[in-house]
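Subject: A structure for you to look through

Hello,

I am passing on the structure that we talked about, and below it you will find my notes on what turned up when I went through it. Please keep the structure open beside the text while you read.

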Amino acid sequence: MTIRTAILLSVLLLPVTTFAQSTPAAAAAPTLVTVAGEVAKPLKLSADDLKKFPRKTVRAKDHAGKEAEYEGIELSEILKLAGVKQGEQLRGKELALFLVVGAADGYRAVFALAELDPDFTDRSVILADRRDGKPLKDEEGTVRIVVPGEKRQARWVRQVTSLTIKRAE
Ligand SMILES: Nc1nc2c(c(=O)[nH]1)N[C@H]1C(S)=C(S)[C@@H](COP(=O)(O)O)O[C@H]1N2
Ligand SMILES: [Mo]
């Protein structure tokens, strides 16, 4: 091609490439939940990342005493991806580890790792995103904790933003 066509082409293509770089699609998906602390692999999970986990359904009685079907991700699945020791590996010093669930309003609730381990318990604590097939209410957030069988719902953290692993002294 001639110099003239080359210049003409680059001028024509310039807005296209500039536009492509500034479209929202090129930006990273916003983080919904961070996984941090004493983990082998810290995570920043977007809504799309959460979709990749296996799904779990549990029946549980809510704060109003109404039973419902909650669907979401078992906390143990998320901890597994973050490289937190489970099963036979969760022994000795590792039993002093605990999870702090953090929420947008600063609310916090703690679970010992053994409470979340499928080798220790059949109870599945989940990060729920649906109730009876529908998304959660706005005030509950995109995701909330559901603890089946618990007589009080104080650890059913709404609007979860962080999962942090810590160690008891
Ligand atoms: N983020 C957040 N989650 C929270 C709370 C809170 O204050 N903030 N309160 C807890 C308490 S004490 C209860 S009893 C339940 C009530 O859940 P509900 O409001 O969805 O019925 O939410 C729990 N989760
Ligand atoms: Mo409560």
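The largest pocket has a volume of about 390 Å³, and of the 18 residues that line this pocket, H63, E140, R144, W156 and R158 are the closest to its centre. Sorted by class, the lining of the largest pocket consists of 7 nonpolar, 3 polar and 8 charged residues. Please bear in mind, here and in everything that follows, that this is a predicted model.

The second largest pocket comes to about 190 Å³ in volume, and it is lined by 13 residues, of which L32, A47, D129, T142 and V143 are the closest to its centre. Two elements, α2 and β7 (126-131), each give two or more residues to this lining, and the largest share, 3 residues, comes from α2. By class, the second largest pocket is lined by 7 nonpolar, 2 polar and 4 charged residues.

Rolling a probe the size of a water molecule over the atoms shows where empty space is left. The structure holds 1 cavity of 30 Å³ or more, and about 30 Å³ of space lies in the largest cavity. Its lining is made up of L79, V84, K85, Q86, L90, L113, L116 and D117, which by class gives 5 nonpolar, 1 polar and 2 charged residues.

Turning to the chain as a whole, the secondary structure comes to 3 helices and 10 strands, and from the N terminus on, these elements follow one another in the order α-β-β-α-β-β-α-β-β-β-β-β-β. Of the 169 residues in the protein chain, 36% are buried. If you take the contacts between residues at least 6 apart in sequence, 56% of them join residues at least 24 apart.

Finally, I would like you to look at one residue in a loop, F53, which has its place between α2 (47-51) and β3 (56-61). Is F53 buried or exposed? The relative accessibility of F53 is 9%, and because residues under 20% are classed as buried, F53 counts as buried. Leaving aside residues up to four places away in sequence, F53 touches L45, I73, E77, I78 and L81.

With best wishes

Conventions:
Residues numbered from 1 in each chain as written. Chains lettered and ligands numbered in written order. Predicted model: local features only at pLDDT ≥ 70, side-chain atom pairs only at ≥ 80, totals over all residues. Heavy atoms only, no water. Helix = DSSP H or I, 4+ residues; strand = E, 2+ residues; numbered from the N terminus. Buried < 20%, exposed > 50% of the residue type's maximum accessible area, 1.4 Å probe, protein only. Contact = heavy atoms within 4.5 Å. 1 Å grid on protein atoms, 1.4 Å probe; cavity = no way out; pocket = protein on both sides within 12 Å on 5 of 7 lines; lining within 4 Å. Points joined across faces, edges and corners; volume = space filled by probe spheres on them. Nonpolar A, V, L, I, M, F, W, Y, C, P; charged D, E, K, R; others polar.
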